[in-house]
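Reader: I have a structure open and would like to go through it. Can we take it piece by piece?

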Amino acid sequence: AWDVVGERKKRQFYTVLFKNRRYQELNVDELFQRTRDFTLTVRGFDDFVPAFQDFVRRTLETFDWDASDSQFMDYLKRRRFPHKLGRCWLYKKMIKELQAHGPHTALKVKGDRIEDGYHRLVVLKELGVKRVVCRVRP
């Protein structure tokens, strides 16, 4: 059994601050453009970003919209992704979570482009976020 020894009158919280060179705050628009340029030149997909931006905008307007006739669904079908509607539902939940609470984990950046977190970057750009914390690898 727990014994109550006493109560603190003021709640004070402390944290330790330190500088970590691997984590940096980067401009969302610049990071988005560099990553977009990379995907267009190296990978060659030019239809993901407009389709996902449309998906994000429609989700921000109305959460319970039917994604089965969207450009993003066409993109998922063309790339032969499994569980397309389930994937759309997960992305809707992610958009709602980012809108309510912001990003919880840092985006991963390698060199000057996104290595992991491209969907989150597109959502943050659509939400109007200007700067984001990233874990940078050389």
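This is a predicted model: local features need pLDDT of at least 70, side-chain atom pairs count only at pLDDT 80 or more; totals for chains, interfaces and linings use all residues.

Reader: How do β2 and β3 pair?

Author: In the antiparallel sense, over three bridges, with β2 covering residues 107–110. Asp-116 in β3 is the bridge partner of Lys-108.

Reader: New topic. How many salt bridges does the structure hold?

Author: Five. One of them joins Lys-125 and Asp-29, with the closest N and O atoms 3.0 Å apart. Lys-125 is in helix α5 and Asp-29 in helix α1 (residues 28–43), so this pair ties together parts that are 96 residues apart in sequence.

Reader: Is Lys-125 buried or partly exposed?

Author: Partly exposed, with a relative accessible area of 27%. Asp-29 is also partly exposed, at 36%.

Reader: What does Glu-126 meet in a salt bridge?

Author: The side chain of Arg-57, at 3.0 Å from N to O. Glu-126 lies in helix α5 and Arg-57 in helix α2, so the pair links parts 69 residues apart in sequence.

Reader: And how many disulfides?

Author: The count is zero. Cys-88 is buried, with a relative accessible area of 1%, and Cys-134 is buried at 0%.

Notes:
Residues are numbered from 1 along each chain as its sequence is written. Side-chain values use heavy atoms; hydrogens and water are left out. A disulfide is a pair of cysteine sulfur atoms within 2.5 Å. Buried means under 20% relative accessible area, exposed over 50%, partly exposed in between (1.4 Å probe, protein chains only). Two strands pair if DSSP finds at least two bridges between them. Helices (H or I, at least four residues) and strands (E, at least two) are DSSP runs, numbered from the N terminus. A salt bridge is a side-chain nitrogen of Lys or Arg within 4 Å of a carboxyl oxygen of Asp or Glu.
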